[in-house]
Amino acid sequence: MAHGPVPGAGEAPSGVTEKFNTGRVVRLATVAALGGFLFGFDSAVVNGTVDALKSKFDLTDNFLNGIGIVVAIALLGSAVGAWFAGSLANKYGRRRVMIIAAIMFFIAAIGQAFPFSVPDLMFWRFLGGAGIGVASVIAPMYIAEIAPAQMRGRLGSLQQLAIVTGIFTTAVTNYIILTLAVNTNGGDASAAPGGVGARYELWLGLEAWQWMFLIMVIPATIYGVLATTIPESPRYLVSQGKSAEAQKVLESVFDGDQSAKVHTIEESLKGDSKPRFSDLRGMSLGLKPIVWIGIALSVFQQFVGINVIFYYSNTIWASVGFEESQAFLLTLITNTTNVIVTFVAIALVDRIGRKPLLLIGSAGMAISLAVMMVLFGTATIDAAGNPILEGAAGPLAVIAANLYVIFFGVSWGPVVWVLLGEMFPNKIRAAALAVAAAAQWIANFIVTAAFPSMASFSLAFAYGVFTVMAVLSFFFVMKFVKETKGMTLESMKMQMSED
């Protein structure tokens, strides 16, 4: 079994270099990150169903009575799930909460596939969103608490890799299901109900969009089963007075006696064995500065507009002149790009650090978003008010969109999750991570719900807003974010001001 060295500062006696079981720790982190896979799958699967849902339930582009609220309601569920995930993780443990999330995903998949009405569909999307919120907190928390300091950035990036893999998988399954449905029904998507190929019946009398939702029961089941095979987080066990059990878990990951590490964790948790949201209070507008930094990172990650690509790209490309099958294929290409660059991020995050990657990402996103803003702003407008990308504008828009995804995928996508999992001191980690993740989902909701109206007004305006946010994110990182590369969780308090 492969092993690797890890500095022991803060987690082992001073000056001691430890070795860890690489295979073991990667397996534990991978199982935890499967929650991220379902997070990505459930959040993005709606992309392939938007036009079908609009057709079936006669939805408009308006917010309160349109497709925007149907898509975005899952994000409100995510905010609620994230808010309560920290307290649930502290009370019942990280592993049990993973199992709860898996059950929520399983039920939501079935509910979204068989809705009786729009309110019914919204309820199941809210439940699935709550599962996303729980997974968004519990996976980075568990990974950060089980990972050696030297590998924590790469292992924490597994969360983002799982998310983008889930998004990619939905693009693949949606494209396959749509292609099968259209080909099975004569090969003409325009002849489908409402002119939407995803409205064609496929198997067992179900329409294609229903299968897009229903297929999620498979990864949900796998996640739930595998979650039962991993040990509880050693830091949770110590907080529950189970230090001996925590030591056994640590010794399954690290070589040698781990009593010193357990003692260090005990010391870091002294003074409050049951973390509360009140621990987050501080002198900066009611919260500790470190909590505000986490909230701001979460909000910027969403306000640059990344999920517009993942939730609405099919509709966007179709609205500017691409056929439905071409729009699905472009989305698949974009999601493939996203997966590839996440591997690049994993290779870089523990080498060049968190802050440099964020700065590179902000700059690259600002430029590529600005290009999209100009292209859509100068496009010809058709009779329906949609911009039509003619000549070189179409390929340039596709290139700019993929460059945008590349810069996000190598930086703000994985790095924010790494920072949220590691930047908070042990005593407040669960509560602070829950607040930051809830803020992320609220920001995601705002962008997702507002985008259809923004796009109907002007795609150039929408991308202009995202460009401004990318620029602001650059200066925020420059001023407020500190580097945490290679630091242990117990020593993080020395670098990231808690007061």
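## The chain overall

Of the 499 residues in the chain, 60% are buried, meaning under 20% relative accessible area with a 1.4 Å probe and protein chains only (exposed is over 50%, partly exposed in between). This is a predicted model, so local features need pLDDT of at least 70 and side-chain atom pairs count only at pLDDT 80 or more, while totals for chains, interfaces and linings use all residues. Residues are numbered from 1 along each chain as its sequence is written, and side-chain values use heavy atoms, with hydrogens and water left out.

The chain has 20 helices and four strands; these are DSSP runs numbered from the N terminus, with helices being H or I of at least four residues and strands E of at least two. Take the contacts (heavy atoms within 4.5 Å) between residues at least 6 apart in sequence: 78% of them join residues at least 24 apart.

## Glutamine 440

Glutamine 440 sits in helix 18, residues 429-457. With a relative accessibility of 1%, glutamine 440 counts as buried.

Its side chain makes a polar contact of 3.2 Å with the side chain of glutamine 301. A polar contact is a pair of N or O atoms within 3.5 Å; within protein, one must be able to donate a hydrogen and the other to accept it, and residues adjacent in sequence count only if both atoms are side-chain atoms. Setting aside neighbours within four places in sequence, glutamine 440 touches Ser298, Gln301, Gln302, Val416, Trp417 and Leu420.

## Helix 17 against helix 18

Helix 17 (residues 412-422) and helix 18 have axes that come within 9 Å and cross at roughly 150°. Axes here are lines fitted to C-alpha atoms, for helices over the stretch in contact, with angles from 0 to 180 degrees between N-to-C directions. That makes the two helices roughly antiparallel (over 145 degrees; under 35 is roughly parallel, 65 to 115 roughly perpendicular and the rest oblique).

From helix 17, Val416, Trp417, Leu420 and Gly421 meet Arg429, Leu433, Ala436 and Gln440 of helix 18.

## Helix 5 against helix 6

Helix 5 (residues 118-146) packs on helix 6 (residues 152-184) at about 160°, with the axes 9 Å apart. So this pair is roughly antiparallel too.

On the helix 5 side, Ala135, Ser136, Ala139, Pro140, Ile143 and Ala144 meet Arg152, Leu155, Gly156 and Gln159 in helix 6.
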